[in-house]
Amino acid sequence: MKSLGELMQSYADHCGFNDLEGIKETAIPGVWFYRSSKGNQRQPFVYQSGIIVLGKGHKNIYIGNQPVHYGPDDYLVVGVPMPLECEAFPENGEPLLGLSIDVDSALLHRLVNELEEAKFQPCLQTSSDGFGLTSVKMANDMLESCKRLMTALHTDLDTKMLGEALLTEIVYRVLTGPEGHVLFNLAHHDSQYARVAKAMNKMHQSYANSLTVQNLAEEANMSVSAFHSAFRKITLESPLQYLKKVRLNKAKELIQLEGKRVNDAAHLVGYTSTSQFSREFKRHFNVTPKGCLA
């Protein structure tokens, strides 16, 4: 039986992805294939919400001063988009290979409702992982589910007929695993986690607008003090620090991927002062906005 990493490499061979540097959506909507031959030094990055599975290589991510290490057959559960720092290392001359799986809201709520009707209790969150980002070594059932998903992606008919069921199985495995509480909390609209996630969604959709902590607390239906406290517990940052990182990361995308001029990118992400934008960009990425094109 092939390992998960071997199945990912076979998929890359099958799809002609051996020159891919980055991420590409597979034929199963919401399932993204990741490949990097060189990795990267520690740098700012935004992890989008979802399930992240690694088949080859190793990564270290840093949330504040909290390191999280993960490698082959490990996975992460990311409940909310997290601006953090990441470094990635290929091994033995082979590229990093992985999957990023979006968690559909309707699917999540259906599975949570069914699990709760069955009296299932998720693993309790510990005080040490309040920010909800912990590496998990795959149990055999989760590993086999991911292998079946990669195998199905090799065949158009299997992808069409089995893709949705396999995706459901993986989300179920995560919900019943050690980090399942992250997705349970996200599904419960009245939980602090879900309320903060709603405010975060507003940041990612309306980053170009003038947003205050008061606006965001109202979005979360919380008092300013309760919102600020809950937000820092989840992200280890204040709401305004988080918003600044969202804007700067989006601006970097606009400059690098869409070819926007620096002053245009600054205004598109909500800065009124290009000089302030350039200073904060340099402080965050350790390179000037123009320098990130080099």
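I counted the secondary structure first: eleven helices and ten strands, taken as DSSP runs (H or I, at least four residues, for helices; E, at least two, for strands) numbered from the N terminus. The model is predicted, so I took local features only at pLDDT of at least 70 and side-chain atom pairs only at pLDDT 80 or more, while totals for chains, interfaces and linings use all residues. Residues are numbered from 1 along each chain as its sequence is written, and side-chain values use heavy atoms, with hydrogens and water left out.

Overall dimensions. Along the principal axes, I found that the C-alpha atoms fill a box of roughly 55 × 50 × 35 Å.

I noted 49% of the 294 residues as buried, meaning under 20% relative accessible area with a 1.4 Å probe, protein chains only. For contacts (heavy atoms within 4.5 Å), I took those between residues at least 6 apart in sequence; 69% of them join residues at least 24 apart.

Strand β4. I checked residues 50-56 and found seven of the seven buried, so β4 is largely enclosed by the rest of the structure. I then listed its partners, where pairing requires at least two DSSP bridges. Strand β7 (residues 74-78) runs antiparallel to β4, joined by five bridges; Ile-51 has Val-77 as its bridge partner there. Strand β9 (residues 96-101) also pairs with β4 in the antiparallel sense, over five bridges, and Leu-99 of β9 stands opposite Val-53.

Methods:
Buried < 20%, exposed > 50% of the residue type's maximum accessible area, 1.4 Å probe, protein only.
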